[in-house]
Amino acid sequence: MKKSPRRSSTNNKTLIFLLAGLLIAAILFTLFIVILNLLSDRPAFSLPFPDSPTPTHSQPAPTLVPVTYTITPVFAPTYTSVPEATFTPAAPEGEAFSIGMSVEGKPLDVYRFGNGPVARMIIGAIHGGYESNTATLVYLLRDDLKKGLIAVPEDITLYLLPVLNPDGFYDYLNLPQGRSNANGVDINRNWDAFWQPDWDRTGCFNYTYISAGEAPFSEPEARALRDFLLTYKVEALISYNSAMSAIFAGGRPEPDPASDSLARVLSAVSLYLYPPVNDPGCQYTGQLIDWASQNGIAAVDVELTDHESNDILINRPLLEAFLAWKR
């Protein structure tokens, strides 16, 4: 029996519509993937950092496995006196100026925004290359401020220090060895607040050996930041860490009221956990935020969600809340 010309024509039209529908669906799916990639805030490590030296290592981060070690630490020399703070004159707004040098002589560059009487500070990469996404985040916030996307209130001067540990950052980018400075010291255990030469490492970073230094402020990076905070009378600070998606407030055994208030405000706009109920129970010694709390500075550690994401979409409103916060 012969097919009727009308039925054959109908079948051809159906096939054409089906193919056209599949083509349109493929184009829409491709556009969706492109837009998703453009909006994504990952990865953190491929972004260029203007005004920063080129990293000497760029290996991908390995799978981290805790190690058992029997390494004798090599400590920095004993300091018998604290040098006077010596800073280069503050550069124009948004341009880098150095507040000191690392063990290997790399500059600790700071950027200023605003010119108000109340000084606040944001610090990245205290744990160097191991938490390099924190530096990426601070650089991205710097760029937002330069573009005027985030306004600094008239009464605030904001200082950004993207990389407090440049030796660990540039020598061991994305590697566990980058957590310490060139002396093998964790800068966030070198402050004169509950300092101990060693600690119970259960629940703590344990992928390579780190020390707390020979004494509080044995490390030039910690001394330089201490002198800057005191000289410039910084009254509140954020130290970015990763990766617990939580906020820790300065003060022991309980957070001081100002740090606690700041932590609650930042948690409310970011959904980073506070109190940090997911804390694995690490023993924290010689920390920057505890020293800051003892010296009248409201201080918090803000932990990013992982070791890769820069969390910029979360931290834009967090920065605005930090600038608006009042004691």
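How many of the 12 residues of H4 are buried? The count is 10 of the 12, so helix H4 is largely enclosed by the rest of the structure. This is a predicted model. The protein has seven helices and seven strands. Buried residues make up 48% of its 327 residues.

**Overall layout**

- Read from the N terminus, the elements run α-β-β-β-α-β-α-α-β-β-α-α-β-α.

**Helix H4**

- H4 spans residues 220-231.
- From its first C-alpha to its last, H4 reaches 16 Å. That is close to the 16 Å expected at 1.5 Å a residue.
- Its buried residues include the charged side chains of Glu-221, Arg-223, Arg-226 and Asp-227.
- Also buried in H4 are Pro-220, Ala-222, Ala-224, Leu-225, Phe-228 and Leu-229.
- Just after the helix, Lys-233 takes a positive phi of about 50°.

- S4 covers residues 156-161, and six of its six residues are buried.
- Ile-156, Leu-158 and Leu-160 point one way from S4. Thr-157, Tyr-159 and Leu-161 point the other way.
- In a regular strand, side chains alternate between the two faces of the sheet.
- Strand S2 (residues 107-113) pairs with S4 in the antiparallel sense, over three bridges. Within this part of the sheet, Arg-112 has Tyr-159 of S4 as its bridge partner.
- Strand S3 (residues 118-123) runs parallel to S4, and six bridges join the two. Ile-123 stands opposite Leu-161 in S4.
- S3, H2 and S4 make a right-handed β-α-β unit.

**Strand S5 and its partners**

- S5 covers residues 234-242. Nine of its nine residues are buried, so this strand is largely enclosed by the rest of the structure.
- S3 also pairs with S5, in the parallel sense and over five bridges. Here Ile-122 stands opposite Ile-238.
- Strand S7 (residues 298-304) runs parallel to S5, with seven bridges joining them. Ser-242 stands opposite Leu-304 in S7.

**Nonpolar cores**

- The largest nonpolar core holds 40 residues. Tyr-240 and Leu-266 touch the most other members of this core.
- Leaving aside neighbours within four places in sequence, Leu-266 is in contact with Ile-238, Ile-247, Val-300, Val-302, Leu-318, Ala-321 and Phe-322.
- Another core, of 32 residues, lies apart from the largest one. Among its members are Phe-97, Leu-164, Met-244 and Phe-248.

**The disulfide**

- A search of the whole structure finds one disulfide.
- Cys-204 and Cys-282 form it, with their sulfur atoms 2.0 Å apart.
- The pair links distant parts of the chain, 78 residues apart. Cys-204 sits in the loop between helix H3 (166-171) and H4. Cys-282 sits in the loop between helix H5 (257-270) and helix H6 (288-294).
- The torsion about the S-S bond is about 105°, so the disulfide is right-handed.
- Both Cys-204 and Cys-282 are buried.
- A disulfide is a covalent bond between the sulfur atoms of two cysteines.

**Two single residues**

- Asp-144 lies in helix H2 (residues 132-146). Its relative accessibility is 4%, so Asp-144 counts as buried; the cut-off for buried is under 20%.
- Not counting residues up to four places away in sequence, Asp-144 touches Leu-149, Ile-150, Ile-312 and Arg-316.
- Leu-271 is found in the loop between H5 and H6. With a relative accessible area of 71%, Leu-271 is exposed, because exposed means over 50%.
- Leu-271 and Ile-247 are 24 residues apart along the chain. Their C-alpha atoms are separated by 9.6 Å.

Conventions: Residues numbered from 1 in each chain as written. Predicted model: local features only at pLDDT ≥ 70, side-chain atom pairs only at ≥ 80, totals over all residues. Heavy atoms only, no water. Disulfide = S-S within 2.5 Å. Helix = DSSP H or I, 4+ residues; strand = E, 2+ residues; numbered from the N terminus. Buried < 20%, exposed > 50% of the residue type's maximum accessible area, 1.4 Å probe, protein only. Core = buried A, V, L, I, M, F, W, Y, C linked by side-chain atoms within 4.5 Å. Contact = heavy atoms within 4.5 Å. Pairing = 2+ DSSP bridges. Right-handed = clockwise from strand over helix to strand, strands pointing away. Expected span 1.5 Å × (residues − 1).
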